[in-house]
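Visitor: Could you walk me through reading a model like this one, feature by feature?
Guide: Gladly; let us have it in view first.

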Amino acid sequence: MTTIRREVLTLPAAPPGPDNPLPPLRPLDEAHRIDDRDRAELPRDMARQVDYAPLRSLLPVQVRDGYGRERVPGALDALVIENDRLRATVLPALGGRIASLRHKPSGRELLYVNPVLQPANFALNGAWFSGGIEWNIGATGHTTLSCSPVHAASVPAPDGGEMLRLWEWERLRDLPFQVDLWLPDGSDFLYVGARIRNPHERPVPTYWWSNIAVPEDRRVLAPADEAWHFGYERRLRRVPVPEHDGVDRTYPTRSTYAADYFYEVPDGRRRWIAALDGNGQGLVQTSTDVLRGRKLFVWGTGPGGRRWQEWLTEPGTGGYCEIQAGLARTQLEHVRLEAESEVSWLEAYGPLDTPSDGDWHTVLRGAEDRLEAALPRAGVDAAHAAWLPHADAEPGERLATGSGWGALEVLRAGWKLPGTPFDEDTLAEPQRPWLQLLRSGSLPEPEDREVPGGTLVARPWRDMLETTAATPLAEYHLGVAQWHGDDRAQAVRSWERGLRSIERAEAADDAGHVTAVGRWPLLRCLAVADREDGHHERAADRYAQAFADLCARRPDDPRDTDGDGRWAAVAAALGGEAIGALLAAGRPADARAVWERLDPATRARGRFRLTEAELLAAEGRREEARAVFDEGFEVADLREGDESIGSLWARLDDAPLPARHDFRMRPDRG
């Protein structure tokens, strides 16, 4: 029968570092958006879901960009679930990722296993890492939970054994979800029961894609003759499968540029996808029909794709591609989840042995016959039906603890969520001020020189902020919540009221007392509003004032005062934004003044080496800017699809972009 045990994985890892303390007020630069020219060609249901509630803000989640690229041996807590046929290794502190799925009789690893843990800027909120099977919930893109802990516990399985339950509160859409993993006795397939619940009294957009990393030297099979091709040019078009532009694209290494292929699986056809090597051996994933979509993602063989592959792991460790399964046809869509309802499905992962090379339809028929013999379609439906009564079973032994955000929401609303308890003992420091607001109607006064924490922006929390005492801290948080609700004029007024309150308090204090809440958080928010409205000169002024105020209030040695690097993180974040705004306003001298006040350790980071080159170029010091490239730097948080390095290089040198800086994921324009 299935057993579950704890284990520790040791591998080279780059620490995640602190979150960015500044609220993410600017719109998302998200890759999963299509060119308007393609909308008219979409099927009606796809077009409707593409336009349904696209995510426009990360709030209340903060950006996670404090990691670097120095890897040291690190120990990761893992949970291992296995029977006599399969062994799955799960990382509860990293979104519940399945890091490995090994078929014991053959000794084959069915997934791509990354030998290192290297965060990179691919998740909606930044830090993400490659490899294994990840559970993407929330909105188009990699989940904000990629590098965050989830709750885990053992639960009785439908066959009387044990299953491993993972659950958490998804904050972008305020939805609880769970993933139940179990291995029936003697089964070659890992069963995954998944459920998303909407406890609200209104419909909520939802999203799910299970992303499975597999070695790229495979052929990917899915029951389709057409696919929707989406590349980093952001064009969505229907293409034939398997051959497109004279090349069989079901072999990942035959594409030059990174691309998604969303397979058009016909209604009524079994939902499955497989990745098989030249011997016809590999992984198959299948599910109940609710999980409609299937996709292949390829990095491509071009220099940018190869560079990204190296960036995410170590050179020489082999490339990977992703096969995926989701609630909609494409990852550009959100699905409506009705009020006080839920959606659930069952997935199965296991080995498949069947010829992979040859005529497309012949290969597909053979694979479907082999899959049906190994795991009948009716058996998957029956397993889902058998699991549903166990989905509400209360967890037994707790194996890992996630965040306290679900406990806070359950306390606020009084929701009953059988099977996924969000207990009060999970509440921690991030929830403390909001718990006081909930219970007493007031926010706690901040400690002297305390960096404001994150803001809750859902309507019930905004209502509480509107009725609490109008302290500078409350006005700051209220403005952030109003900004998120697209009430931008009111947000600006709230931030301006907070500033006036600070000015009055300091003017009334003959001793020159410095208020606990500084001007800088409010000035920075107003500066962002100015940039969004096109007032670049005023934005630059406010950014300069904000950074000066921060420097005046910041402890002499931030590492000795907060213990978690928040002051260093906020100085770096605000300084970087200020320099960008000042350069945009044509004020390199003022940008240089900010640069000189940054910590040497901050200026040495790759992101700020790039900033230094941009500053030097703006000052007309082209040779010195070019020398920064010669000295070498690595921008650890370079965003997926970001072309800023190449753009700056093109302004400084006519030579080809050096390979170490070539992260281009699309053909050159023109």
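Guide: Residues are numbered from 1 along each chain as its sequence is written, and side-chain values use heavy atoms, with hydrogens and water left out.

Visitor: What pLDDT does the protein chain average?
Guide: pLDDT is the predictor's confidence in each residue, from 0 to 100. The chain averages 94, and 97% of the residues score at least 70. Residues 558-563 have a pLDDT below 50, and this stretch has five contacts in the model beyond near neighbours in sequence; contact means heavy atoms within 4.5 Å. Where pLDDT is low, the predicted coordinates should not be read in detail.

Visitor: At what angle do helix 5 and helix 6 pack?
Guide: Two packed helices are described by the angle between their axes and the distance between the axes. Here the axes are lines fitted to C-alpha atoms, for helices over the stretch in contact, and angles run from 0 to 180 degrees between N-to-C directions. Helices (H or I, at least four residues) and strands (E, at least two) are DSSP runs, numbered from the N terminus. Helix 5, residues 405-413, packs against helix 6, residues 432-440, at about 5°, and their axes are 11 Å apart. The two helices are therefore roughly parallel to each other; the cut-offs are under 35 degrees for roughly parallel, over 145 for roughly antiparallel, 65 to 115 for roughly perpendicular, and oblique for the rest.

Visitor: Which residues in helix 5 and helix 6 meet?
Guide: On the helix 5 side they are Trp 405, Leu 408, Leu 411 and Arg 412, and on the helix 6 side Trp 434, Leu 435, Leu 438 and Arg 439. The residues of this contact divide into six nonpolar, no polar and two charged. In this scheme Ala, Val, Leu, Ile, Met, Phe, Trp, Tyr, Cys and Pro count as nonpolar, Asp, Glu, Lys and Arg as charged, and the others, Gly among them, as polar.

Visitor: On to the backbone: where is a peptide bond cis?
Guide: The bond from Leu 59 to Pro 60 is cis, with omega near 10°. Pro 60 belongs to the loop between helix 1 (44-50) and strand 2 (72-82). Another cis peptide bond joins Val 241 and Pro 242, with omega about 10°, and Pro 242 is in the loop between strand 17 (236-240) and strand 18.

Visitor: Which residue has a positive phi although it is not a glycine?
Guide: Arg 234 does, with a phi of about 65°. Arg 234 is in the loop between strand 16 (226-231) and strand 17, and at 30% relative accessibility it counts as partly exposed. The scale is: buried under 20% relative accessible area, exposed over 50%, partly exposed in between (1.4 Å probe, protein chains only). Glu 340 also has a positive phi, about 50°, although it is not a glycine. Glu 340 is in the loop between strand 25 (335-337) and strand 26 (341-353), and is exposed at 59%.

Visitor: Is Leu 550 buried or exposed?
Guide: Leu 550 is buried, at 0% relative accessible area, and lies in helix 11 (residues 536-553). Leaving aside neighbours within four places in sequence, Leu 550 is in contact with Trp 520, Trp 567, Val 570, Ala 571 and Leu 574.

Visitor: And what does Leu 582 touch?
Guide: Not counting residues up to four places away in sequence, Leu 582 touches Ala 540, Arg 587, Asp 590, Ala 591 and Val 594. Leu 582 lies in helix 12 (residues 566-584) and is buried, with a relative accessible area of 0%.

Definitions and conventions:
Predicted model: local features only at pLDDT ≥ 70, side-chain atom pairs only at ≥ 80, totals over all residues.
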